[in-house]
Amino acid sequence: MAEQTARTIGPVILLGPPGSGKGTQAKRIAAHYSIPQISTGDLLREHVSRGTALGREAQAVMARGELVPDELMYGIVADRLDQPDYACGYVLDGFPRTAGQAGWLDAFLERQFFEKSEKWTPVVIRLDVDYTQLLLRLTGRRSCPTCGRIYNVHFQPPRVNELCDLDDSKLIQREDDREEVIRPRLDAYEVQTKPVAEYYRARGRLVAVNADQAVDELAAQIFGIIDSHVAERAGRGMTKS
Ligand code: AMP
């Protein structure tokens, strides 16, 4: 599929439980539309590995599979969204994760709207996957610490057991993909993140897709949803002027 040159896409929000493929699809979207990906999980893990004050605060919470408090998240997300690279849009993976974060993001976009006089309504896509499949995806997930490539020991194993196909590095498992942490993470999703889908559904913005399909097919479906959202917004802009 041909990648597109920069045009205004606006914010794309991927919702879905841990293991639903948000990271994989976010990377596809970012490459296809030439927009940056913001993964709050990756940003937090970066803080943890750099040993920043925020990282030290977040580390224990993440290790328990719970959510980092909203107030800590706002600072790191706002810092990113204010950068010039984000002027054509971005894909958010892992944010918002509470109804409070969703309200905060709307208020933030509204403020930006006054600055750039262009209304950015996010396109919100929820990836649905059944519970048994999620468990296999999470327990089987491994990644290469050198190149970041993601594998799954059940569905997409490396050619040689536990070694990266590209650079032979020993694959690692995320701390919070251990079985005892998976359940609290899925519980956090049920209790705190499901209301986010309700928040967007109530505003007529939620599109749910079956994410239990091949990565390329799902990506093609998601591009179709984003393209129609962008075309619709452009159409609305034209009728206004
Ligand atoms: P992820 O890589 O998206 O699964 O995120 C890993 C962990 O980072 C989560 O289990 C949370 O502890 C934390 N985290 C990521 N994004 C958020 C967020 N938007 N709000 C609160 N905690 C978050």
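## Two packed helices

Start by selecting helix α2 (residues 40–50) and helix α4 (residues 70–81): they pack at an angle of about 105 degrees, and their axes lie 11 Å apart. Keep in mind as you look around that this model is predicted. Two packed helices are described by the angle between their axes and the distance between the axes. Angles of 65 to 115 degrees count as roughly perpendicular, so α2 and α4 are roughly perpendicular to each other.

Now show the side chains where the two helices touch. Which residues meet there, in α2 and in α4? On the α2 side, pick T40, L43, L44, E46 and H47; on the α4 side, pick M73, I76, V77 and R80. The residues of this contact divide into five nonpolar, two polar and two charged.

## Around the ligand

Stay with α2, and bring the ligand into view. Helix α2 gives the largest share of the shell around the ligand, with four residues. Next, select T40, R45, E66, G94 and Q101, which come nearest among the 16 residues around the ligand. By class, the shell holds six nonpolar, four polar and six charged residues.

Zoom in on three of these residues, one by one:

- R45: a polar side-chain atom lies 3.0 Å from an oxygen atom of the ligand.
- G94: here a backbone N or O atom lies 2.8 Å from a nitrogen atom of the ligand.
- Q101: a polar side-chain atom lies 2.9 Å from a nitrogen atom of the ligand.

How much of the ligand's accessible area does the protein cover? On its own, the ligand has 480 Å² of accessible area, and the protein covers 96% of that.

## Two stops in the loops

Most residues other than glycine have a negative phi, and most peptide bonds are trans. For your next selection, go to the loop between β3 (89–93) and α5 (99–116), where you will find P96. The peptide bond from F95 to P96 is cis, with omega near 0 degrees.

Finally, select S34, in the loop between α1 (22–33) and β2 (37–39). S34 is a residue other than glycine, and its phi has a positive value, near 55 degrees.

Key:
Residues numbered from 1 in each chain as written. Predicted model: local features only at pLDDT ≥ 70, side-chain atom pairs only at ≥ 80, totals over all residues. Heavy atoms only, no water. Near = heavy atom within 4 Å. Polar contact = N/O pair within 3.5 Å; in protein donor to acceptor, adjacent residues only side chain to side chain. Areas by Shrake-Rupley, 256 points an atom, 1.4 Å probe, with all protein chains shown as cover. Nonpolar A, V, L, I, M, F, W, Y, C, P; charged D, E, K, R; others polar. Axes fitted to C-alpha atoms, helices over the stretch in contact; angles between N-to-C directions. Parallel < 35°, antiparallel > 145°, perpendicular 65-115°, else oblique. Contact = heavy atoms within 4.5 Å.
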